[in-house]
Amino acid sequence: MTSRNARRVTHDDLYSEVRAILAAVGERLGVPVHDAELLRLHSNASFALPSAGLVVRIATNPDALPHVRASLAITRWLARRGFPCVVPADVDGQPLVEGGRVVSVWRYTPTATGPRASGAELGGLLRDLHTQPEPPHQLGRFSNPFASVAKALEEAPGATPDADRSWLSDRITALRGQWSAMNFPRPPGLIHGDAHVGNVMRTTSDKVVLGDWDHVATGPREWDLVQIHFMRRRFGRATAEDIEAFAASYGWDARAWPGLDVLIAIREITGLSPYIRTAPAKPFSRHQLAYRLDTLRHNDTAARWQSPPAE
């Protein structure tokens, strides 16, 4: 139980913490951080260091170490094979642990302004990823999509009212049963885990690069294919033409599979975990978490959700 006199952790507290960690990492690596640009403060705090040619990612998930270690190993391997992905920086001892947080350091990729990646480009990236051979690295198996959200609820008991927590717990139980009974038509293998157009970067040379590999695993390929459908429903980030082009480029249309709607429903729940973790510190997370739960409880599949704003 939290004391009434306990001070609420705020967004400013979290930002101050990650800035202090960034400063310590800069000193540790001997690189300047005076020009650091905050790219994101959500599931990760990501800072670009243009003069050093680096991006520093500080995980807000306390259990991130094995996931970050896997993301570094897989992207090194994929980059050597010529797959267009973000590339870890040449830093000894990665991932780092600084201030109790897991930190990874990546090569800075200059990006172009303009439209997001297309559905066809995302489909092509996933087609090429899913045809890669078995990687020479041990990866976790994606068999429990609810692990992160369940852990977040356990570690942030005050993030949601009791009624919302009870509903969410029941919803997870119901969807877990459907997940266990699901028959996946495609063979399992290497998956990105969060493959949507927001994680595709367009470089200044007009090439697309797949980033954010924190969820890389071995699992059902359908999990990668559901992301664009989830993003279209909740964020409007894909048009009907994008969906058609995505399926054509990938070579298989998930809409013909009856399990798609169940996977979208599961994805809606798994996406709550960073909001639950950061709700005590971030007003946006608190408000968005409450709104998303309200729309889910009322089965409002037309409601649009918001992504975290640029900080």
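Trainee: What makes the pair Asp212 and Arg57 a salt bridge?

Mentor: In this predicted model, the side chains of Asp212 and Arg57 meet with N to O at 3.2 Å. The cut-off is 4 Å between a side-chain nitrogen of Lys or Arg and a carboxyl oxygen of Asp or Glu, so the pair qualifies.

Trainee: Which parts of the chain does the pair link?

Mentor: Distant ones: Asp212 sits in the loop between strand S8 (208-210) and strand S9 (217-219), while Arg57 belongs to strand S3 (residues 54-59). The two are 155 residues apart.

Trainee: Are Asp212 and Arg57 buried or exposed?

Mentor: Both Asp212 and Arg57 are buried.

Trainee: How many salt bridges does a search of the whole structure find?

Mentor: The search finds 16. One of them joins Arg267 and Asp194, with the closest N and O atoms 3.0 Å apart.

Trainee: What do Arg267 and Asp194 tie together?

Mentor: Arg267 lies in helix H8 (residues 260-270) and Asp194 in the loop between strand S6 (189-191) and S7, so the bridge ties together parts that are 73 residues apart in sequence.

Trainee: Why does Arg267 count as buried?

Mentor: Its relative accessibility is 9%. Buried means under 20%, so Arg267 falls in that class. Asp194 is buried too, because its relative accessibility is 9%.

Trainee: Which residues do salt bridges with shared partners join into one network?

Mentor: Arg233, Arg234, Asp261 and Glu268.

Trainee: How do you know that Asp128 and Arg127 form a salt bridge?

Mentor: The closest N and O atoms of Asp128 and Arg127 are 3.3 Å apart. That is within 4 Å, so the pair counts.

Trainee: Why is Asp128 called partly exposed?

Mentor: Asp128 has 33% relative accessibility. Buried needs a value under 20% and exposed a value over 50%, so Asp128 belongs in between. Arg127 has a relative accessible area of 34%, so Arg127 is partly exposed as well.

Trainee: Why is Arg202 called buried?

Mentor: The relative accessible area of Arg202 is 16%. That is under 20%, so Arg202 is buried. Arg202 is found in strand S7 (residues 200-202).

Trainee: What does Arg202 touch, not counting residues up to four places away in sequence?

Mentor: Arg202 touches Pro110, Thr111, Ala112, Pro115, Arg116, Ala117, Ser118, Glu121, Lys207 and Val208.

Trainee: What makes the pair Arg202 and Asp206 a polar contact?

Mentor: The side chains of Arg202 and Asp206 are joined at 3.4 Å.

Technical notes:
Residues are numbered from 1 along each chain as its sequence is written. This is a predicted model: local features need pLDDT of at least 70, side-chain atom pairs count only at pLDDT 80 or more; totals for chains, interfaces and linings use all residues. Side-chain values use heavy atoms; hydrogens and water are left out. Helices (H or I, at least four residues) and strands (E, at least two) are DSSP runs, numbered from the N terminus. Buried means under 20% relative accessible area, exposed over 50%, partly exposed in between (1.4 Å probe, protein chains only). A polar contact is a pair of N or O atoms within 3.5 Å; within protein, one must be able to donate a hydrogen and the other to accept it, and residues adjacent in sequence count only if both atoms are side-chain atoms. Contact means heavy atoms within 4.5 Å.
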